[in-house]
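Dear colleague,

I am handing over the structure below for your records. Please look through it first; my findings follow.

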Amino acid sequence: MNTKLKGLILISVNLLILLGIGIFWMHAVKNKRIEKPKDLIIRLETFGQGGLIEMADVKKWVFDFYNKDVRRISIYALKLDQLENYLLKQSLVRKAEIFVDPKNKLHIYIEQRKPIVRVVDVQGSQFYLDEMGYKIPVSPKYGARVPVATGLWQPVSGNRLDEKNKIYYGSLIKLVNAIGADSFAHALIEQIDLDSNGDLTLIPKIGQEKILLGGTEGVEDKLNRLKLFYQENMGRQGWNVYETINLKFKGQIIGKKEKQES
């Protein structure tokens, strides 16, 4: 066999190998496209605010999107980007990630929004706000242990604070974040009331006194003064001695005692 013939045979063999690989690859891709998800794996991140979203909620959203069991749909037809956008439109969902693993299991990762305050607006409507200004509807299915804002808060339309309401509610979010960062205030404060002068009053979980905060300028200093007042007075005099604790004025704490009955 001459050298030229040997070369032709070698080239032919290599071409046949490449053709076989190509056919195998195309067959594998085709099979992969028509395969269906074998399982639905859901992972929820609740940031310690468990109970707002449950596994059953996510399964229902997925079923509603496809209008059938996702395991009956071919992987190529899943439209994962559209499903992700659909999940992000749910008021409790902050982040959604979806993928199919090599074992054909559909994974859905959901981050729950983190409510920081429950608002009862001037019209009596109630909703939660998260740290980014998104509204979360109140539902009998769940509850979040956060301060309640009452008084003259204006209604919020849409699913989040607009530019105007960001300014209006900015003081509330600033105050709630400051309370959340202060372990003493976090344990003490239950309610934040807004009056017609724009002043904020804090209502503690125990005791009858009202804490007159005023605005949120220097709020961390005001909360520190409040802590000192409680440490120095409540231990010696007990609860329900003061009618108001005024923190409005810089560097001062003015306690007004309850009137004694004669």
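The structure holds seven aromatic pairs; rings of Phe, Tyr and Trp (its six-membered ring) pair if their centres lie within 6.5 Å, and planes under 30 degrees apart count as stacked, over 60 as edge-to-face and the rest as tilted. In one of these pairs, W153 and Y168, the ring centres are 6.1 Å apart and the planes stand at 85 degrees, so this pair is edge-to-face. The two residues are 15 apart and link distant parts of the chain, with W153 in the loop between β7 (148–151) and α4 (163–168) and Y168 in helix α4. Helices (H or I, at least four residues) and strands (E, at least two) are DSSP runs, numbered from the N terminus.

W153 also pairs with Y169: their ring centres lie 5.3 Å apart and their planes at 25 degrees, so this pair is stacked. Y169 lies in the loop between α4 and α5, so the pair ties together parts that are 16 residues apart in sequence. W153 is buried, with a relative accessible area of 1%, and Y169 is buried as well, whereas Y168 is partly exposed at 30%. Here buried means under 20% relative accessible area, exposed over 50%, and partly exposed in between (1.4 Å probe, protein chains only). Elsewhere, F65, Y66 and Y86 form one aromatic cluster.

Please note that this is a predicted model, in which local features need pLDDT of at least 70 and side-chain atom pairs count only at pLDDT 80 or more, while totals for chains, interfaces and linings use all residues. Residues are numbered from 1 along each chain as its sequence is written, and side-chain values use heavy atoms, with hydrogens and water left out.

I turn next to a pair of helices. Helix α5 (residues 170–181) packs against helix α7 (residues 219–237) at an angle of about 45 degrees, with the axes 10 Å apart; axes are lines fitted to C-alpha atoms, for helices over the stretch in contact, and angles run from 0 to 180 degrees between N-to-C directions. The two helices are therefore oblique to each other (under 35 degrees counts as roughly parallel, over 145 as roughly antiparallel, 65 to 115 as roughly perpendicular and the rest as oblique). In the contact (heavy atoms within 4.5 Å), K174, L175, A178 and I179 of α5 meet V219, E220 and L223 of α7.

Finally, G48 lies in the loop between β1 (39–45) and α2 (55–66) and is exposed, with a relative accessible area of 75%.

With kind regards
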